[in-house]
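Dear colleague,

Here is the structure for your files. My notes on what was found in it follow below.

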Amino acid sequence: MSNIAFIPVRGGSKSIPMKNIKLLAGKPLVYWSAKAANDAFCIDKVVIATDSEEIKKTVLSFGLKKLEVYNRDAENAKDSSSTESVILEYLHKQELLPDDYIFLIQATSPLIKSTHIENMFNKMLLDNADSSLSCVVCKRFFWREDGTPINYDYTQRPRRQDFKGLMMENGACYINSVENILKNKNRLSGKISIYQMPEYTSTEIDEPDDFLYLEKLMEKYKND
């Protein structure tokens, strides 16, 4: 059995041009998730899937021993392309075993650490689950557009410390077997294990202001 960290990065980001190699805390954005995957004991290979020669050149300069680049098809690097499409493309072109695991790790979640990846995988195995995703606890009150609450009773508004909240995907990591992904064409399937990450990891880089916020969070949390 092999564990493959799969990090898809396009060159054609519209909101932030070439955001995946834009500097964050002194390193290209994708470096942080690639480094976390490379340093995780459970990961055998780190695959950066990109359509950009500039990104390819940048990531190969990291010198990470487990890292290799996969040249994704232009068809699966469009604005409309799903992440699943490039994962499936990769799986169809590789000779992998059904029980190999794919760890989908997002470059836009730079606060992920190697220990998160290791603990998430161990929890999935202990839970005897088929797949896993990372989440954070969200203690926000949600409403529908018709004015009805979703997750609390406004007539008995709970204090934050007494409110359990909801599990919210933070987009950092998903784990599933090759067999399941090929069968269900989805990053998640079967019995799903949830791995709770710290609340500060909820921020993903999608807009320019996110870089400003993440710079401060990286200073505080990345090296602790």
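Thr108 sits in the loop between S6 and helix H4 (114–126); helices (H or I, at least four residues) and strands (E, at least two) are DSSP runs, numbered from the N terminus. With a relative accessibility of 12%, Thr108 counts as buried, where buried means under 20% relative accessible area, exposed over 50%, and partly exposed in between (1.4 Å probe, protein chains only). Leaving aside residues up to four places away in sequence, Thr108 touches Lys19, Leu29, Thr203, Glu204 and Ile205; contact means heavy atoms within 4.5 Å.

On provenance: this is a predicted model, in which local features need pLDDT of at least 70 and side-chain atom pairs count only at pLDDT 80 or more, while totals for chains, interfaces and linings use all residues. Residues are numbered from 1 along each chain as its sequence is written, and side-chain values use heavy atoms, with hydrogens and water left out.

The sheet is open and has seven strands in the order S5-S4-S1-S6-S8-S7-S9, with mixed pairing. Two strands pair if DSSP finds at least two bridges between them. S5 and strand S9 (192–196) are the edge strands, each pairing on one side only. From one strand to the next the twist averages 30°; axes are lines fitted to C-alpha atoms, for helices over the stretch in contact, and angles run from 0 to 180 degrees between N-to-C directions. S4 and S5 pair in the parallel sense over five bridges, and Ile48 stands opposite Val69 in S5. H4 packs on the sheet, where H4 touches S1, S6, strand S7 (131–138), strand S8 (166–177) and S9. The direction of H4 makes about 145° with that of S9.

Helix H3 (residues 83–93) is mostly covered, with eight of its eleven residues buried. Those buried in H3 are Glu84, Ser85, Val86, Ile87, Leu88, Glu89, Tyr90 and Leu91. The buried residues of H3 pack against strand S1 (3–9), strand S4 (45–50), strand S5 (67–71), strand S6 (101–105) and helix H5 (178–184).

Last, the cysteines. A disulfide is a pair of cysteine sulfur atoms within 2.5 Å, and by this rule the count is zero. The cysteine sulfur closest to that of Cys42 is in Cys173, 8.4 Å away, which is too far for a bond. Both residues are buried: Cys42 has 14% relative accessibility and Cys173 has 1%.

Regards
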